[in-house]
Amino acid sequence: MLGLQLRDEFLGSQTPGTVISLRRKDKTGAVQRDPDYILSMTYPTADVQTALRTLNQGRSPRPVVLVGSRGRGKSHIMAVMHHAVTSPDQIEAWAKGWTSRSGTEGLNNLSLETGYVAISEAVHNHEYQFLWDLIFDRHPKGDYYRGKFDDSGRYYPPRSLMEEMFQAQSTVLILDEFQKWFDGLPETDKQGRKPREWASNFIQNLSEISVERPELLILVVSVLNSNTEAYRQIHRNGPVLIDFSGPTARQDRQKLVLHRLFKNRENIPDKDIEILIAAYAQERFRLRFSHLSDVERTRITKEVVESWPLAPELLDLLEDHILMAETAQDKRDLIRILAQVYRARGEAVPLITPADFSVDEDENGVQSLIDSITKSGEQERLREVAQRNLENIQTVGADVPNARELVSALWMRSMSPGKSRGGTGAELQLDTTRATHLDNNAFQNELNQLIENSINIHGESSPDGRLYFGLEENPRTKVRATAKNDKLWQLNADPNQISQMVYPGLDIAHLQTTLRHILIPETKQPNSRVVVLGPNWWATPWQEVSDAEKPSWWDRPVLIVIPTTLNTDIDGRIQGLGQWLAQHVPKRRNTVRFLLPSSSTDNLYQDKDLIFLARCSYLTSQAWKNDRQYAGLKNDFDKPLRDQLKSRFDRFAILRNWNYPAPDQCIFEIERMGTQGGEIPFTVEEIIERDLFDAALFRTTVLKYAREGWTVGDLLDEIAEPPPSPEQEAIPFLGDSKLYEKVLDIAAKGDIALNVGGKWIGRPADVDSDDAAQRYMRQKAYRSGPEMRQVQLGEPSAVSGSTIKPVTPTPGITPLPPQPPVVLPPTPSIYSETSTHSGDIALGETKPGLAGVGSVLPPRLPPLPPATQSRKAEENTGINLSGSFEKWGVPPQTTLETARIEFKGLNVQQLKQVLQRIPAQFRASLEITFTDKEGEEDE
């Protein structure tokens, strides 16, 4: 951007180390090369200026101590000081150049001391156990004075000897890593010498010489901190401290970094930079400094300009937080890391932010950063965690356009220690700001999606709350993220391919089960059987329900839950429901009620929000229920799921006019409900009985069947099926018990009589109250199960005493043979013992006072045999063949004399499977035809 160029040393395939070594064996050390090498990368910070002034003429006669952690630039400054001694003219020219270029006042009139020899060495490697050996080796007169020292027999050179040698040649002694050297000295060595004690005394002598005889010796050392005996020996003499903590130190270090990285940074006009970073600077003021007056805006913008191409927040993050780690090399690693990230991203973005350290890439300085700050591998694991979270966001397709940038920025900020770990929403928004502003609402939605789909993000999502990546998982987020990953829930999900636990189809099954449990309360059972259809309800409804919920097991009203919203007409037609009923319910179609979802809802199994809740509920209540941290979240997902399901259905439909030839013309009664959840099945039955059940039509039907002598079972079976004619309205099937109770009510009114266990029972002649008659009929005639179905309907005259009309059996039913008279013991009456009535007459019983009645009733005569008829259907599927009976108008209870079903092309195994499905109580003959191919081969 803007023609900014990295220094040549950072352009190779491998970024070189930036550690400054004073001396190397290959003669490439900073003090072994031409001064231009170190000066080209030196920025005149306040610390550099202070160091050079300690070598200036008229300087204060004190030792110089550079104090600071590794990487602060101590070695760099020492190399500049070395060249200031050996090449003072070049250093002075360099200083004048910076003074004219940037107005650096601290270098004005720099006039360095001359006539000194520089002895510079990093002593931490212990090439010299004793400092006097280093001085004797490098000093021009060192060999001579070494001889004098050896002849003296002293433990270490006395002060007088050192002064004499420095008089022969003034010296600047520059000792880098001085603290490490001193701390590494033993108290006593193998020869019985005392290196630490001797070194301490010798250092004190040197320090005193540098103060008392500054024309002879200038002593310069570097230490990590002031908590060492080595420093205390020098501190006694009031040294000049360069501690990198002055008022301009932070700004200087920033300028130093930019100068060290780029060879032409000072040549880029500020106005061009302001245009480039305008969006970032404006957002920075709005998001971070809105509490300041608008007057401060210029200063805030200037901070961005001065740090360009690096965001001030990035430098703060690296310097104050991440690179505070003990293993970090501060400026050394900071420069190398920033060089790498600029090479990767510098031309693509207006300025570098924490978001540019892409967590899933290595070439942008990420690995160098990790290598700089960790030894335990914790930061490497944290990076792997962030990478997995990013992969999950991409896999589930979450709406996070800046996913890589957000995850990377949050990971970078999560490496900060203590309370400063992580970042606020405002900080993350600023990190991802490029050439244009980010809409607040859009960013907040993006951040919410990031949190929901990242299982290792912790903290608070409030405006001031800090978010951070942690090695441990966030239980709530893990549940939500797992629920959002569709691949884990697909029917063909394979854990070997996904490398994660999968739950194929269990979300749909859990949704079905939960809905069924809601509609069937544990405290009471509804009169109807509830069947919740699955997602493939239209084509294969019975493959996704239990056996007990399939039509072959239906023995009462059935409430079928339709998962899809269907279009309804004002005349009662419902989109496709008649066709579905004709195709998938072969019998008892009139027992079905359809629970319909609200017209404002989506398909139950395609509602993303509902599926998401079902998955979360399943994970916390089933899959992970044995883990407390997940089981404790169960109610957080169960309640909203159940609340949505409870209120999802607001209507039901029941068949009114059946039209088998044209099922799409079937008419339904559609009724709204005012209840939810477990009350729905009860409300449906209540509305049907109260508002839709036609008592008059039912009475007419019962009277008709009573005249024909049908049984209650015949009546129930007949009502369980809709009338074959589209013109006839279906009588709602209320269930066996409910309908039989209504039959008893009709009998209590004296309209019919009932043959219960061989005894005709009707309304007593001497009962005036309908309530009393109802109680009487329930006491005498109430039955259930098979006994109820065997109760026969008859006309009231069957108990009138004059005659009993022979019962005409249902066509196709073999009449019973003549039965001998049955005499039953008297049944206790609900009336007084002295009362007489004609309500119950045992078959064959003499009833005095009734004219025309003999001692026993005559036996029932068999009816004339009905005319034999036949029907035939062409080849078709089993379900369509089943519908043929309705086309022919053959009632379900008709007993067939013969039934022949012809199959073609079956093998023996297939035919055996068909035969095994025939119930045991039926008997059939078998005749087959086939070609004996095996026999032909034998011939």
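A: Start with the terms. Helices (H or I, at least four residues) and strands (E, at least two) are DSSP runs, numbered from the N terminus. An axis is a line fitted to C-alpha atoms, for helices over the stretch in contact, and angles run from 0 to 180 degrees between N-to-C directions.

The model is predicted: local features need pLDDT of at least 70, side-chain atom pairs count only at pLDDT 80 or more, and totals for chains, interfaces and linings use all residues. Residues are numbered from 1 along each chain as its sequence is written, and side-chain values use heavy atoms, with hydrogens and water left out.

Now the close look. Helix H24 covers residues 506–519, and helix H28 covers residues 634–646. Their axes lie 10 Å apart, at an angle of about 65°. H24 and H28 are therefore roughly perpendicular to each other. The crossing of H24 and H28 is right-handed.

Which residues touch? H24 brings His 510, Leu 511, Thr 514, Leu 515 and Ile 518. H28 brings Leu 641, Arg 642, Leu 645 and Lys 646. Contact means heavy atoms within 4.5 Å. By class, five of these residues are nonpolar, two polar and two charged. Ala, Val, Leu, Ile, Met, Phe, Trp, Tyr, Cys and Pro count as nonpolar, Asp, Glu, Lys and Arg as charged, and the others, Gly among them, as polar.

Next, another helix pair. The axes of H6 (residues 142–152) and H7 (residues 159–168) come within 10 Å and cross at roughly 165°. That makes H6 roughly antiparallel to H7. Their crossing is right-handed. H6 makes the contact with Gly 142, Tyr 145, Lys 148 and Phe 149, while H7 uses Leu 161, Glu 164, Met 165 and Ala 168. Five of these residues are nonpolar, one is polar and two are charged.

Now look at burial. Buried means under 20% relative accessible area, exposed over 50%, and partly exposed in between (1.4 Å probe, protein chains only). Helix H19 (residues 403–414) is mostly covered, with 10 of its 12 residues buried. Among them are Leu 406, Val 407, Trp 411 and Met 412. H19 reaches 16 Å from its first C-alpha to its last, close to the 16 Å expected at 1.5 Å a residue. That expected span is 1.5 Å times one less than the number of residues.

Finally, the loops. Most residues other than glycine have a negative phi, and most peptide bonds are trans. Glu 177 has a positive phi of about 55°. Glu 177 sits in the loop between strand S3 (171–176) and helix H8 (178–183). At 12% relative accessibility, Glu 177 counts as buried. Arg 588 also has a positive phi, near 55°. The loop of Arg 588 runs between helix H25 (577–584) and strand S10 (592–597). With a relative accessible area of 14%, Arg 588 is buried. The peptide bond from Trp 308 to Pro 309 is cis, with omega near 10°.

Step back to the protein chain. Its secondary structure comes to 38 helices and 16 strands. Buried residues make up 48% of its 939 residues.

Definitions and conventions. Angles under 35 degrees count as roughly parallel, over 145 as roughly antiparallel, 65 to 115 as roughly perpendicular and the rest as oblique. A crossing is left-handed if the near helix is turned anticlockwise from the far one by less than a right angle, and right-handed if clockwise.
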